[in-house]
Amino acid sequence: IRCAYVHEGASLVGFTLTHGGGSRTWSDRGGGGALLESSGVLRDCMITGNSAVSGGGVMGGIVVRCTISHNATESRGGGAFQSKLFECIIADNVSSNDAAGAEQCTLHDCYIVGNAAGDYGCGGVRSCVLFNCVLTSNYATDGNSNASRDSLLYNCTLTGNYSPGNGAYFASSGDTFYNCIVYGNNPDGDAAWSNHDNSSVFYNSCTTPEPSQGEGNISTDPL
């Protein structure tokens, strides 16, 4: 049983949502901690230790200044799925085979750290739009991206993301970056191929090797 269902126009403020679980039915299987309608709001909440098929922590709605941690999903968005997140910490969530941190979300001023995915998943975010976010210490045990995949990122920093053993080789795959830093990922791997693959596009950003797509980039170590 999930912890909370937040209707249109309703807000839930200052609660801890824990040990919830999404339904197993196809039409009602997301949001182990909270399932929100599009204008439903979670504010200043702790969402921890929940699970669901999609959106182990939260699914949908607007999430403000919340900590979303130690949630799990079998599929999409261990921390959050299809939500709008503002000033949130998304930490230590897991996904069996897709994005462990957030998927199909919009994130503003968020800190995405320590999320873990396996079976060709992505440790941090997938199919998201991010503004002024930091992604660090996310990892994937297999596949090809440990921080971000198929996302659009503005003024973000990706550093210290990694893959144990010979798993995912890149922090970024299929992303588009504007004014971002993507540097110092996979510190124990091949530095020449640790930050991004050739499918990522960079504009006015800092990364190495110098990307093949985009313009106005530099490869000098920013640290």
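Rings of Phe, Tyr and Trp (for Trp, its six-membered ring) count as a pair if their centres lie within 6.5 Å; planes under 30 degrees apart are stacked, over 60 edge-to-face, and the rest tilted. By that criterion, this structure holds five aromatic pairs.

Before the details, a note on the basis. This is a predicted model, in which local features need pLDDT of at least 70 and side-chain atom pairs count only at pLDDT 80 or more, while totals for chains, interfaces and linings use all residues. Residues are numbered from 1 along each chain as its sequence is written, and side-chain values use heavy atoms, with hydrogens and water left out.

Take F131 and Y154. Their ring centres are 5.1 Å apart and the planes stand at 5 degrees, so this pair is stacked. F131 belongs to strand 21 (residues 129-131) and Y154 to strand 25 (residues 152-154), so the pair ties together parts that are 23 residues apart in sequence. Strands here, like helices, are DSSP runs numbered from the N terminus: E with at least two residues for strands, H or I with at least four for helices. F131 is partly exposed at 27% relative accessibility, and Y154 is partly exposed at 26%. On that scale, buried means under 20% relative accessible area, exposed over 50%, and partly exposed in between, with a 1.4 Å probe and protein chains only.

Another stacked pair is Y139 with Y162, at 5.2 Å centre to centre and 20 degrees between the planes. Y139 is in strand 23 (residues 139-140), and Y162 is in the loop between strand 26 (157-159) and strand 27 (172-173), 23 residues apart. Y139 has a relative accessible area of 25% and is partly exposed; Y162 is partly exposed at 34%.

F131 and Y154 also belong to one aromatic cluster with Y178 and Y203.

Next, S200. It sits in the loop between strand 29 (181-182) and strand 30 (201-203). Is S200 buried or exposed? S200 is buried, at 1% relative accessible area. Its side chain makes a polar contact with the side chain of S172 at 2.7 Å. Such a contact is a pair of N or O atoms within 3.5 Å; within protein, one must be able to donate a hydrogen and the other to accept it, and residues adjacent in sequence count only if both atoms are side-chain atoms. The S200 side chain also reaches the backbone nitrogen of D175 at 3.3 Å.

Last, the sheet. Nine strands form an open sheet in the order 3-6-10-14-18-22-26-29-31, with parallel pairing; pairing requires that DSSP finds at least two bridges between two strands.
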